[in-house]
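The following explanation moves from the overall fold to selected side-chain interactions. Please consult the sequence and the coordinates alongside the text.

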Amino acid sequence: RGVVAPISVAAPEGREGLGRREAEDEALELATKKQRSMAVDEAKAEVDAIKAQVRRAKTEFYCDTCDKQYNTVAEFSVHLSSYDHHHRKRFAEMRAAEK
């Protein structure tokens, strides 16, 4: 992904005007800082995208009736066939029928 080592920009001594060397050094430092900050921003964006994908994947194993979150299909499947889930489901249906 590009050059790993910094590129040397040394000019022959005595060929710059007054303050020219300092101005070039400042410009180079600013460009380096911008490049580093862009790399950090890209890395943060990648991490945020991965976190969003994980959140979306986990919502697939969420039981609204019981308000429980599961990490795997097997856990979720066992929960859906459990007494606790069916009991809460029947209780919710009974409440809805009473209203």
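The paragraphs below treat the overall architecture, then a salt-bridge network, then a histidine.

This is a predicted model, in which local features require pLDDT of at least 70 and side-chain atom pairs count only at pLDDT 80 or more, whereas totals for chains, interfaces and linings use all residues. Residues are numbered from 1 along each chain as its sequence is written, and side-chain values use heavy atoms, with hydrogens and water left out.

The protein contains three helices and two strands; these are DSSP runs numbered from the N terminus, with helices being H or I of at least four residues and strands being E of at least two. Along the sequence, the elements follow the pattern α-β-β-α-α. Of the 99 residues, 8% count as buried, where buried means under 20% relative accessible area, exposed means over 50%, and partly exposed lies in between (1.4 Å probe, protein chains only). Among contacts with a separation of 6 or more, residues 24 or more positions apart account for 8%, a contact being defined by heavy atoms within 4.5 Å.

The model has two salt bridges, each defined as a side-chain nitrogen of Lys or Arg within 4 Å of a carboxyl oxygen of Asp or Glu. One of them joins the side chains of Asp-84 and Lys-68, with an N to O distance of 3.1 Å. This pair links distant parts of the chain, since Asp-84 belongs to helix 3 and Lys-68 to strand 2 (residues 68-69), 16 residues apart. Asp-84 also forms a salt bridge with Arg-88, the closest N and O atoms being 3.2 Å apart. Arg-88 and Asp-84 both lie in helix 3, four residues apart, about one turn of the helix. Through shared partners, the salt bridges join Lys-68, Asp-84 and Arg-88 into one network. Asp-84 is partly exposed at 28% relative accessibility, Lys-68 is partly exposed at 28%, and Arg-88 is partly exposed at 37%.

His-85 is also located in helix 3 (residues 83-98). Is His-85 buried or exposed? His-85 is buried because its relative accessible area is 7%. Not counting residues up to four places away in sequence, His-85 touches Cys-63, Thr-65, Cys-66, His-79 and Leu-80. The side chains of His-85 and His-79 make a polar contact at 3.3 Å. A polar contact is a pair of N or O atoms within 3.5 Å; within protein, one must be able to donate a hydrogen and the other to accept it, and residues adjacent in sequence count only if both atoms are side-chain atoms.
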